[in-house]
Amino acid sequence: MPISRRALAAAVTALVLPLSACGSGGGGGSTDASGKVEGDITFQTWNLRANFKGYFDGLIGDFEKKYPGTHVKWVDQPAEGYADKISADAAGGTLPDVVNVSPDLVAPLAKAGLAMDLDKAAGKYKGEYLPGAWASHQVPGMTGTYAFPWYLNTGPMFYNKALFKKAGLDPEQPPKTYDALFTDAVRMARTSGGKVATLANIPTIEDFGRYGASLMDKDGTGFTFNDAKGVELLTKYKELYDAKGLDAQALNATPESAGKDFLTQAVAMNPGSALDLDNFKKQAPSLYKNIGITDQITNTGHVNMYVMGVMVNSRTKNTPAAVAFAHYVTDAEHQMSFAKKVAIFPSTAGSLDDPYFTKEDGTDETRVRVAAAKSLKNAVNYTPVLFSDQMKTALRNEVGKALQGKQSPKAALDNAVTACDRLLKQQG
């Protein structure tokens with residue numbers, strides 16, 4: 001399964017938005033799902049057949065038994081070129097009835113009138129899902145929800161207890177807010193003579209969201225992360241950078257390089273997953289025995305989550321069957337069974353209270369799973385669905401200039417917002 005999918009949205013936006021003249025901006029077909037569940041539908045997933053063919057064959061077979069007279073054709077597309085495939089299908093009128101999407105991919109489809117508004121077609125199911133997950137496929141400037149939330153993911157923060165203790169910090173009390181983080185990071189840098197940084201990454205749009213900055217106006221017409229909170233966060237990162245609490249290579253860091261810095265114990269904190277723990281055990285035993293696991297840093301009380309969804313084509317000829325199947329794929333029973341086959345989390349309310357997500361058995365896998373599941377209950381998807389990879393680059397470039405002292409934090413964020421707003425207008 002692909003990990004990063006936002007980059008694929010550009011192709012969808014370029015080809016699908018011109019179709020909006022054909023739709024109404026809220027769906028081009030019937031949202032009445034109350035009729036008999038019958039007929040043929042096509043279900044498209046995203047690079048899942050290779051590892052989960054048995055699961056989906058069983059799920060589809062069970063659905064067809066539950067609703068005699070239905071037939072689900074399953075197609076699976078490779079990770080590479082997925083957005084291009086959706087674009088071509090949307091432009092050619094061959095978009096499948098039920099489609100595996102991410103929030104950034106559903107946005108242009110919704111604008112083009114090709115994603116069914118599930119608040120209208122399936123609003124009765126809303127309470128089955130975590131509020132933050134249901135809201136993740138909403139599009140600024142539009143009313144409605146355009147996909148059922150499917151599986152979620154997030155990652156805890158790992159920290160090095162030995163480095164915390166050496167700096168005179170309580171290794172059992174890692175920072176949970178940005179203020180505490182900056183205080184601890186400055187102390188870490190000073191006591192180590194600038195040899196140990198706490199972080200290896202510069203702030204992203206998610207950090208601005210977790211800090212409490214407003215990211216975008218409600219109408220989806222402009223970005224707002226240059227507000228007072230945004231400037232405050234970047235100012236603190238500048239102070240941290242000057243104090244050597246932020247790794248000197250942070251401006252050019254990648255997730256891989258940041259992970260390596262944490263592995264070599266040059267950095268005290270880093271986001272990660274259960275897969276990292278096994279890597280620590282094999283490659284850095286001294287780090288592994290001192291590893292701490294805590295929540296993502298946040299001032300809002302809500303961590304960031306990544307969410308995948310299942311969209312219904314607004315122009316399906318079998319609305320009751322398409323909506324019923326999309327709900328079936330994403331209901332609590334089937335999300336739970338899928339979550340036990342792969343390291344993801346269900347988006348359905350109550351599922352994260354299952355012992356599978358609350359009870360540790362002493363293994364690394366459950367340590368991380370339990371920590372992540374706890375934080376997901378009220379998590380939100382901070383990255384605006386309209387925030388493209390080009391916008392990420394624009395923000396990163398301006399943040400870099402501020403950290404280097406080439407411009408003030410306020411000027412940097414003003415410039416980033418201007419650049420992002422310009423790119424937003426080009427999207428249509």
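Over what distance should the 19 residues of helix α19 span, and how far apart are its end C-alpha atoms?

1. Helix α19. At 1.5 Å a residue, the 19 residues of α19 (residues 409–427) should span 27 Å, and the end C-alpha atoms are 27 Å apart, which agrees. The expected span is 1.5 Å times one less than the number of residues. Helices (H or I, at least four residues) and strands (E, at least two) are DSSP runs numbered from the N terminus. Among the buried residues of α19 are Pro409, Ala412, Leu413, Asp421 and Gln427; buried means under 20% relative accessible area, exposed over 50%, and partly exposed in between (1.4 Å probe, protein chains only).

2. Basis of the model. The model is predicted: local features need pLDDT of at least 70, side-chain atom pairs count only at pLDDT 80 or more, and totals for chains, interfaces and linings use all residues. Residues are numbered from 1 along each chain as its sequence is written, and side-chain values use heavy atoms, with hydrogens and water left out.

3. The sheet of 6 strands. This open sheet has the order β2-β1-β3-β8-β4-β9, with mixed pairing. Its edge strands, β2 (70–77) and β9 (345–346), each pair on one side only. Two strands pair if DSSP finds at least two bridges between them. Strands β3 (residues 98–101) and β8 (residues 306–312) run antiparallel and are joined by 4 bridges, with Val101 opposite Gly309.

4. Strand β4. In β4 (residues 148–153), 5 of the 6 residues are buried, so the strand is largely enclosed by the rest of the structure. β4 pairs with β8 in the antiparallel sense over 4 bridges, and Phe148 stands opposite Val310 of β8. β4 is also joined to β9 by 2 bridges, again antiparallel; here Tyr151 stands opposite Pro346.

5. The sheet of 3 strands. A further open sheet has the order β6-β5-β7, with antiparallel pairing. β6 (269–271) and β7 (291–294) stand at the edges with a single partner strand each, so one side of each is left without a neighbour in the sheet. The twist averages 30° from one strand to the next; axes are lines fitted to C-alpha atoms, for helices over the stretch in contact, and angles run from 0 to 180 degrees between N-to-C directions. β5 (residues 157–160) pairs with β7 over 4 bridges, one of which involves Met157 and Thr294.

6. Positive phi. Most residues other than glycine have a negative phi. Lys244 has a positive phi near 65° and lies in the loop between α10 (228–242) and α11 (255–263). Gln265 also has a phi near 65°; Gln265 is in the loop between α11 and β6 and is partly exposed, with a relative accessible area of 25%.

7. Pro108. This proline is found within helix α4 (residues 103–111) and is buried, with a relative accessible area of 5%. The C-alpha atoms of Pro108 and Val139 are separated by 9.1 Å, although the two are 31 residues apart along the chain.

8. The second largest pocket. Its volume is about 530 Å³. A pocket is an open set of points on a 1 Å grid over the protein atoms alone, where a 1.4 Å probe fits, with protein on both sides within 12 Å along at least five of seven lines; lining residues have an atom within 4 Å of a point. Grid points are joined across faces, edges and corners, and the volume is the space filled by probe spheres set on the points. Of the 20 lining residues, Ala135, Pro140, Asn381, Tyr382 and Pro384 lie nearest the centre.
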